[in-house]
Amino acid sequence: NNFIFVNEKGEVKNFPVKESAMARKLIYQESSNSFVMVFKGADEKQQYMVTENISVTGINILGDILWHQDLAVAGTLEDIITVRDGYIITGNFSAIKTQDGQEFRTRIGNGQSNPYLIKMRLRGEIVKILPVVSSKSIYIDKVVKVNDGSINLIGRESPFPANDEAITGNLMHMMTTFEQKSICSNF
């Protein structure tokens, strides 16, 4: 992996990144003039039946690694969004552990999926890992942030998709805040 930065003068700078996992997301953090890169898995298609690290790395515009955090999750990474005091990572899990070591599992034999939210501070410290446990299989595939008080997880009542099949099922929605407080949910 490489982090290629083009500055305002059009100069290209190439910085190698030691992380070997697949790069999934890149966001710019204006307040610190830095970037956050998120990596997961070795293949383009994410594995949800085995535990893999979601690796989150903060990089400044000089290519220096500011911080790095690994999060073990069996599931998928869907998005990372900036909030006023850090970041929220969202996705779907089949197995996840909270920061206090409590483990949550879905009925993976049935392909059951449930969403999760992971809150991180601006320097990468984990604030809270929140599995959103449901008896239904909920697969989130879109995150829409209106503002810090309206972060919307949108998906379907569906198991993890096999291969490249379309996700079908009842439309599911959960609105939460930057503090991971649920405002409303239909699951």
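**View 1. Strands β7 and β9 run side by side in the antiparallel sense.** Welcome to this predicted model. Here, β7 (residues 86-97) pairs with β9 over eight bridges. To find your place, look for Phe 93, which stands opposite Asn 114 in β9.

**View 2. Strand β9 is mostly covered.** This view stays with β9, which spans residues 114-121. How many of its eight residues are buried? Seven of them are.

**View 3. Strands β9 and β10 form a hairpin.** On to another partner of β9: the strand β10, paired with β9 in the antiparallel sense over five bridges. A handy landmark is Met 120, which stands opposite Ile 126 in β10. Between the two strands of the hairpin there are four residues. Take a moment to spot Gly 124 in this hairpin, where its phi is positive, near 90 degrees.

**View 4. Ser 137 sits in the loop that links β10 to β11.** The loop lies between β10 (126-131) and β11 (138-147). Is Ser 137 buried or exposed? Its relative accessibility is 16%, and because buried means under 20%, Ser 137 counts as buried.

**View 5. Ser 137 has neighbours from other parts of the sequence.** Leaving aside residues up to four places away in sequence, Ser 137 touches Gly 111, Gln 112, Ser 113 and Asn 114, and also Arg 156, Glu 157, Ser 158 and Pro 159. Which atom of Ser 113 lies 2.9 Å from a polar atom of the Ser 137 side chain? That atom is the backbone nitrogen of Ser 113. Asn 114, also touched by Ser 137, is the β9 residue opposite Phe 93 from the opening view.

Methods. Residues numbered from 1 in each chain as written. Predicted model: local features only at pLDDT ≥ 70, side-chain atom pairs only at ≥ 80, totals over all residues. Heavy atoms only, no water. Buried < 20%, exposed > 50% of the residue type's maximum accessible area, 1.4 Å probe, protein only. Polar contact = N/O pair within 3.5 Å; in protein donor to acceptor, adjacent residues only side chain to side chain. Contact = heavy atoms within 4.5 Å. Pairing = 2+ DSSP bridges.
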